[in-house]
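Have the model open while you read.

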Amino acid sequence: MNYETEQDNTQVKPDEVQKAFLDLKFGMFIHYGINTFHNTEVSDGDLPLYNFDAEAVDTNQWCMTAKNAGMKYIVMTAKSMDGFCNWPSKYTNYSVGYTSFKKDILAELINSAEKYGLKVGFSYSLWDNRIFNDTLEDEVYNTFILNQVKELLTSYGPLLELWFDGFWRRQDFGWKAPNGYAVPADHFIHAWRMEGAFRWKWDYLYAFCKSLQPDCLVFNNPTRLFRGVPLLPVDGRAAEKGEDLSENKNIWKWLGKDVFLPLQIETTLSQKGRDAYGDGNWYWHSSDNSVAKKWKIRSWRKNAEKIGANLALNVGPMSNGKLRPEDEKVLLRFQSE
Amino acid sequence: MKNTKTMDTLQTDLTPAQKRWMEYRFGIRYTFGINTFYNTETSEGTLDPSVITMKEVNVDQWILPALNAGMRYCVFTVKNHDGFCNWDTQHSFYNIMNTPFGRDILSVLAEACAANGMKLGLYYSLMDHYTSFKNDDDRFADMILHQVEELLNNYGEITQIWFDGFWDKQTGGWTRSPVDFVHAWRSEGAFRYKMDYLYRSIKAWQPDCMVMNHSTADFVGIPLHPVDARCGIDVSYVVVDKKYWNWMGRESYFPIEITINLSGKDSGKFNPGYWYWHEDDESIPDKERIYTWLELAERHEANLVLNCPISPQGDLRLVDQQLLESLWH
């Protein structure tokens with residue numbers, strides 16, 4: 001039964017959906033949620049909702065700015081690790097539906113994006129501090145995820161991508177070789193297939209997403225340690241803070257064949273970080289006025305173009321629902337060149 | 001190597017279900033199906049089942065000699081590669097209810113097992129030549145899930161399920177090392193069969209059912225995760241059986257079951273002996289051989305299962321019956 005054959009890698013091309021995605025080239029990443037109102041990047045799912053006192057969330061401004069900056073799509077946090085949902089999910093009481101704002105931010109974004117001709121994707125954290133605890137059975141938790149993912153994929157029309165985050169909560173081994181260095185990419189994929197993929201019921205979740213929206217690209221953020229490594233099965237690869245990547249391996253082995261997996265680089269316009277993330281905030285912080293210089297963004301775009309990747313620039317809108325003036329300014333000026 | 005662990009530490013690595021199953025030690029496989037009636041070992045799902053005309057299946061005659069031989073459990077072929085089902089399934093027309101015999105053999109066997117204190121296990125082929133949609137992974141995996149749902153919910157306690165025929169949906173990795181092959185399986189077959197989901201479903205229906213997935217003669221005793229035990233046919237040449245395998249980030253002990261044919265006639269296939277009944281086949285090993293196999297199994301800390309073909313009349317071969325009854329006399 002030795003019918004494994006050598007394939008010519010150059011023959012493997014992106015499929016039509018992946019190609020359409022790569023043609024978009026430039027997008028906006030948005031972090032907005034309960035953390036925006038508490039001056040924090042991550043939280044434990046217990047921050048009070050009454051602080052979420054936005055009177056308006058100006059999704060029109062986000063989209064107009066993205067459009068004017070030459071961006072073609074927007075990826076917004078539907079849910080971050082804190083478990084707070086930017087849509088009124090039926091399966092949690094920790095959502096925008098339980099704040100004074102009440103409205104469905106994802107729906108508002110979809111409407112605005114349509115006006116400006118932008119595609120929309122969502123990011124969704126598997127890891128959910130609000131409901132996760134160590135005694136919760138995998139099965140119960142996975143059902144919760146399936147239910148929420150179904151809401152996202154059936155309530156907002158066709159989505160460009162669904163970008164999963166936080167897998168590492170259920171991936172203990174495989175991170176480091178005995179010598180203390182990170183393991184090679186292939187080894188980490190094996191480790192993932194031998195643990196995380198099973199515990200998250202990832203194969204089923206992936207197939208479930210594809211059954212609801214075959215053309216929605218599924219990503220799974222592999223963390224900064226493994227930028228661009230596909231936690232299979234996925235349709236594309238994510239590289240958090242991957243603006244400096246000089247290589248882009250598009251061809252990977254899956255289902256016994258070589259497959260093409262496009263790369264999306266996500267990075268922050270904010271250049272001032274806190275604590276562990278010293279190189280830029282994802283959420284808004286009132287004291288953070290830092291923003292990437294125009295020339296820097298230009299070089300990121302150039303680099304992404306060179307390695308054939310999409311670039312998504314992250315903005316953290318302020319608690320009043322508008323983009324930081326710094327972000328808006330640099331994006332608009334960036335466009336005018 | 002972790003193989004050198006003492007039995008004491010080993011025990012703590014086993015789940016109670018694995019431990020209990022290992023204590024059974026000795027079992028019997030009953031091979032019966034559409035092929036029984038056509039003097040063949042394999043077929044393509046096209047053989048006419050109207051030839052299945054026996055009046056009875058003599059399950060007491062299957063069970064009692066086995067119990068006398070000290071066997072604690074049996075493994076029944078509920079479906080082989082041909083796709084013919086020996087139970088009343090709603091998910092394939094190609095089954096025992098649509099024959100002149102027209103009764104659910106698995107149900108008859110399950111009752112007799114329960115009455116006689118024999119544990120019941122199943123052999124189920126993932127590969128199914130009968131279905132028209134075997135290239136539609138999603139539909140195919142759904143069919144498997146639904147059939148296994150019937151098997152695990154309608155026949156009482158099922159002590160093990162032995163999956164076979166995975167190789168239909170596994171193209172990559174055959175030339176690699178055993179550990180690499182497990183990775184290749186995790187990156188292809190496991191996904192295409194929705195094996196993770198199937199395994200979890202089985203555990204939800206019967207947490208103590210031992211799931212096994214036959215890894216072929218190319219990779220004897222390799223755990224195609226997720227499984228609870230490993231299986232091997234013809235392991236006589238295996239000198240050291242690797243017990244500890246990585247799964248979910250831990251090196252864990254996976255017990256092994258060895259299955260050997262009582263028929264010694266050369267089937268011309270991978271292993272000596274026929275699985276199915278053939279008219280002219282009265283080949284049988286002498287008792288000494290069985291003792292040797294039991295020693296082999298003991299050396300490997302393995303369960304030993306002897307395969308017995310069931311005849312078109314629904315009987316155990318007389319030679320098998322006599323051998324089992326006289327094994328310890």
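Chain B of this predicted model has 10 helices and 10 strands, where helices (H or I, at least four residues) and strands (E, at least two) are DSSP runs numbered from the N terminus. Its radius of gyration is 19 Å, close to the 20 Å from the globule rule for 329 residues, so chain B is as compact as a globular protein of that length. That radius is taken over C-alpha atoms, and the rule is 2.2 Å times the number of residues to the power 0.38.

| Chain B property | Value |
|---|---|
| C-alpha box along the principal axes | roughly 55 × 50 × 40 Å |
| Buried residues (20 or more other C-beta atoms within 10 Å of their own, C-beta placed from the backbone) | 46% of the 329 residues |
| Share of contacts with a separation of 6 or more that join residues 24 or more positions apart (contact: C-beta atoms, placed from the backbone, within 7 Å) | 70% |

Now for the helix pair. The axes of α3(B) (residues 59–68) and α10(B) (residues 318–326) come within 7 Å and cross at roughly 30°; axes are lines fitted to C-alpha atoms over the stretch in contact, with angles from 0 to 180 degrees between N-to-C directions. That makes α3(B) roughly parallel to α10(B), a label for angles under 35 degrees. On the α3(B) side, the contact uses Gln61(B), Pro65(B), Ala66(B) and Asn68(B), and α10(B) brings Gln321(B), Leu324(B) and Glu325(B).

Residues are numbered from 1 along each chain as its sequence is written, and chains are lettered from A and ligands numbered from 1 in the order written. Local features need pLDDT of at least 70 and side-chain atom pairs count only at pLDDT 80 or more, while totals for chains, interfaces and linings use all residues.

Key
Parallel < 35°, antiparallel > 145°, perpendicular 65-115°, else oblique. Contact = placed C-beta atoms within 7 Å. Buried ≥ 20, exposed ≤ 12 C-beta atoms within 10 Å, placed from the backbone.
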